[in-house]
Amino acid sequence: QYYRDGINAALDMIAKAEREGESTFTYLYTAHPDKHMHALGVEHAEVRNVVRGIESETERFWRVLGDREALLSGEYDLDSNSGLEQEVKKSDDAVDATVVLTADHGHVTVQPKDMVALPASILALLEYACIGVHGKGRHGYLHCRAGLQNLLQQRWKAIDELHQHFLLITIDEAIELGLFGPKYMRMEVRPRLGDFV
């Protein structure tokens, strides 16, 4: 429903610009199916339902853009028996529009038996492991408790599952290697990254 509401809001903005003879760049973002895939894996039936819903709403979006009269009237629920296979014929009745649909990354389901959790001996040394909002599980940022950076490195090396499968480097080493980009990082970003990646 959220994506449908977003599509309708985007159509409202485009219709307003069309009425006023203006051009518009309209950007629509959805956190789905990303958040579903993180929680359920890529093969889950609910993920497929979410993807089908996004596909259906994107088709509806394109159909409405192909019917200027419907766009301007706010009648956005056009019949969808053709799908995207039958392209909208551009004519005077269509809005001059380009739609770009993209994703920022793909997903791979990791089975629970293949997941690695940080051991208690490592967690005890951390203020927090930033693997959610600012980092990802596959490249987490570790914020050590004050003065415990060397001990964390020693413990990491002593745990085979960690040091044989994961590279632990300091943020300064990562910056020097250009892992955050070819230019120097802005200073206001640096505190987010903690001590290790």
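A salt bridge is taken here as a side-chain nitrogen of Lys or Arg lying within 4 Å of a carboxyl oxygen of Asp or Glu. The structure is a predicted model, in which local features need pLDDT of at least 70 and side-chain atom pairs count only at pLDDT 80 or more, while totals for chains, interfaces and linings use all residues. Residues are numbered from 1 along each chain as its sequence is written, and side-chain values use heavy atoms, with hydrogens and water left out.

Across the whole structure, the search returns 10 salt bridges. One of them joins the side chains of Arg-60 and Glu-57, with an N to O distance of 2.5 Å. Both residues belong to helix H3 (residues 45-65), where they stand three residues apart, about one turn of the helix; helices are DSSP runs of H or I with at least four residues, strands are runs of E with at least two, and both are numbered from the N terminus. Arg-60 has a relative accessible area of 4% and is therefore buried, and Glu-57, at 9% relative accessibility, is likewise assigned as buried, given that buried means under 20% relative accessible area, exposed over 50%, and partly exposed in between (1.4 Å probe, protein chains only).

A further salt bridge is formed between the side chains of Lys-16 and Glu-20, at 3.2 Å from N to O. Here Lys-16 counts as partly exposed because its relative accessibility is 46%, and Glu-20 is also partly exposed, at 47%.

Arg-190 and Asp-172 make up another such pair, in which the closest N and O atoms are 3.8 Å apart. This pair links distant parts of the chain, since Asp-172 is in helix H8 (171-176) and Arg-190 is in the segment after that helix, 18 residues apart. Arg-190 is partly exposed, with a relative accessible area of 21%, whereas Asp-172, at 51%, is exposed. Elsewhere, salt bridges that share partners connect Arg-4, Glu-57, Arg-60 and Asp-77 in one network.

A polar atom of the His-143 side chain lies 2.9 Å from the backbone oxygen of Arg-192. His-143 itself is placed in strand S2 (residues 141-144), and its relative accessibility of 9% is why His-143 counts as buried.

Technical notes. A polar contact is a pair of N or O atoms within 3.5 Å; within protein, one must be able to donate a hydrogen and the other to accept it, and residues adjacent in sequence count only if both atoms are side-chain atoms.
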